[in-house]
Amino acid sequence: MIGLPLDVTFPRLKGIRWRYCTTWDEGPAAVLGMSMLRLGICRPNDWSGSAVDFVERGFRRFCSRNRAAEAKRVWVGDLRITDSLFELTEQERNQVEAGREGMTGHLYLVGDYEAAASIPIGATLARLETENDLLPAAFYQVLTANLYKWMRVYDYLDGQEHAEMWMEDLNDEELGASDYRKVDLEIPACIKRHAKTLKYGRARNLLQEITPHTSAARELVRRLLEMDEHGQGHEHAWPGQLNEKDVPGIDDWLMDAENSRPGCLITWYENDAINACFDEEAQHMGENGPCQPNVALPIHLDVPMKRLDEEVRRVFDHAGAMLRSLASAAKIVELIRDLYDEYLREHRLESGLPAEPGPAGLREEQL
């Protein structure tokens with residue numbers, strides 16, 4: 001038997017909002033949105049009835065204008081505005097909101113990385129050394145100094161620290177079979193000779209004075225000086241710089257939290273000893289507590305309008321510099337990878353990068 005057809009009614013969805021925001025979200029967003037409007041970050045036509053959407057539209061346009069799309073070609077992460085530095089479950093958030101007597105007095109610009117971008121820099125340093133003996137160390141010094149403004153960088157210094165810690169518990173036979181001793185042995189001579197004596201200021205002057213002969217070297221230096229220019233006047237906004245006034249409970253949280261996840265992994269070549277140390281650490285990141293974000297800047301909402309606008313301008317100036325700097329850095333990383341791929345072809349070697357990102361968070365190989 002076939003039953004009679006049932007009457008089915010589809011509701012009209014036109015004009016219905018796709019997102020619901022509580023007053024706890026809308027209140028702080030309205031204060032921030034008015035400041036962003038006064039500063040020209042938001043526009044009147046961004047308004048659609050929701051303060052959260054208003055801020056989001058202005059923020060997205062701001063990121064786009066500051067070359068976020070270029071930065072995303074290499075850096076995997078996010079830059080967001082949130083009302084809490086701590087990751088909360090839905091139940092915890094409900095408890096926090098239930099205990100509030102009014103809207104929150106703070107918002108935060110938070111930046112973090114989901115994976116560490118692979119930068120196999122050995123072939124690039126060898127190429128730069130043919131131009132000038134000091135150029136590789138100067139390039140490395142200025143590059144890492146600028147990356148440190150926006151992220152935790154994992155390089156041979158971190159590898160040395162990891163190796164020294166684990167070598168203490170190994171016997172001679174185990175040491176011989178491990179990669180730990182290789183961390184020191186594999187450091188290129190051009191870095192070993194000058195790393196301790198060539199400081200940032202002198203390294204930057206050298207990059208401005210030296211004119212490389214090859215187009216690849218010139219482009220690397222040009223992009224690095226461009227990156228350095230974007231980062232001038234900015235320092236790394238670590239969560240550890242915050243205090244209890246900015247984030248109630250921050251001291252206790254920092255004691256229980258782990259270091260930030262690295263935004264990049266600088267190796268000499270793929271699968272070297274630095275990579276091995278990083279792989280070991282990456283397997284345990286976040287096991288003993290939440291990882292701190294790489295960037296955390298507070299925005300105080302319960303202050304006079306003039307001070308609020310100054311603070312919002314400062315935070316967005318930092319965000320813009322970060323995005324533009326990382327956009328230039330993305331081009332540098334792509335050039336470094338191209339030189340490494342060229343080195344592999346010349347030596348008839350195959351890339352050791354997996355087709356899919358592994359636990360270490362390496363870049364994807366284009367097949």
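In this predicted model, R127 has a relative accessible area of 26% and is therefore partly exposed, a class that lies between buried (under 20% relative accessible area) and exposed (over 50%), as judged with a 1.4 Å probe on protein chains only. Residues are numbered from 1 along each chain as its sequence is written. Because the model is predicted, local features need pLDDT of at least 70 and side-chain atom pairs count only at pLDDT 80 or more, while totals for chains, interfaces and linings use all residues, and side-chain values use heavy atoms, with hydrogens and water left out.

Side chains of opposite charge can pair when their charged atoms come close. With a salt bridge taken as a side-chain nitrogen of Lys or Arg within 4 Å of a carboxyl oxygen of Asp or Glu, the count comes to 16 salt bridges. One of these joins R127 to E342, with 2.9 Å between the closest N and O atoms; the pair links distant parts of the chain, since R127 belongs to helix α5 (residues 122-129) and E342, 215 residues apart from it, to helix α15 (residues 305-346). Helices here are DSSP runs (H or I, at least four residues) and strands likewise (E, at least two), numbered from the N terminus. E342 is also partly exposed, at 27%.

A salt bridge of 2.8 Å, N to O, is formed by the side chains of D133 and R193. D133 lies in the loop between α5 and α6 (135-147) and R193 in the loop between α10 (189-192) and α11, so the pair ties together parts that are 60 residues apart in sequence. Both partners are partly exposed, D133 with a relative accessible area of 37% and R193 with one of 44%.

In a further salt bridge, E281 and R152 have their closest N and O atoms 3.9 Å apart. E281 sits in helix α14 and R152 in the loop between α6 and β4 (153-154), 129 residues apart; E281 is partly exposed at 22%, whereas R152 is buried at 14%.

The largest share of the lining, 5 residues, comes from α7.
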